[in-house]
Amino acid sequence: MDYVSALLPPVVMAVAFTAVIVTMIKSQGGANKAKEDAAVDAVLQNAEAARQEPRAHGA
């Protein structure tokens with residue numbers, strides 16, 4: 001019975017890892033891609049605007 005307890009954690013981790021990879025692959029493209037791209041574009045635009053904003057107190 002010790003071999004079962006020794007093999008259980010690696011098997012559980014392998015199944016979990018496979019599930020994570022499958023979820024990542026399935027979430028690529030489609031409607032999710034458009035939403036993610038829009039969110040990234042908005043963040044980059046805000047960062048660019050903040051970087052080019054003139055500073056009131058110089059330096």
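A surface patch here is a group of residues with over 30% relative accessible area and no salt bridge, in which nonpolar side chains (Val, Leu, Ile, Met, Phe, Trp, Tyr) are joined within 5 Å and like charges within 9 Å. Accessible areas come from the Shrake-Rupley method with a 1.4 Å probe, and for residues only the protein chains shown count as cover. The model is predicted: local features need pLDDT of at least 70, side-chain atom pairs count only at pLDDT 80 or more, and totals for chains, interfaces and linings use all residues. Residues are numbered from 1 along each chain as its sequence is written, and side-chain values use heavy atoms, with hydrogens and water left out.

The protein has 2 helices and 0 strands. Helices (H or I, at least four residues) and strands (E, at least two) are DSSP runs, numbered from the N terminus. Of its 59 residues, 0% count as buried, where buried means under 20% relative accessible area, exposed over 50%, and partly exposed in between (1.4 Å probe, protein chains only).

Helix H1 covers residues 2-26. H1 has a kink of about 30° at Leu-8, shortly before the proline Pro-9. The bend at a residue is the angle between axes fitted to the seven residues ending there and the seven starting there.

A nonpolar surface patch is formed by Met-1, Tyr-3, Val-4, Leu-7, Val-11 and Val-15, with about 670 Å² of accessible area together. Val-15, which lies in H1, is exposed at 54% relative accessible area.

Ser-27 sits in the loop between H1 and H2 and is partly exposed, at 24% relative accessible area. Beyond its neighbours within four places in sequence, Ser-27 is in contact (heavy atoms within 4.5 Å) with Asn-32 and Glu-36.

Side chains of opposite charge can pair when their charged atoms come close. The whole structure holds 1 salt bridge, defined as a side-chain nitrogen of Lys or Arg within 4 Å of a carboxyl oxygen of Asp or Glu. Arg-51 and Glu-48 form this bridge, with their closest N and O atoms 2.9 Å apart. The two residues are 3 apart in helix H2 (residues 30-52), so about one helical turn separates them. Arg-51 is exposed at 64% relative accessible area, whereas Glu-48 is partly exposed at 33%.
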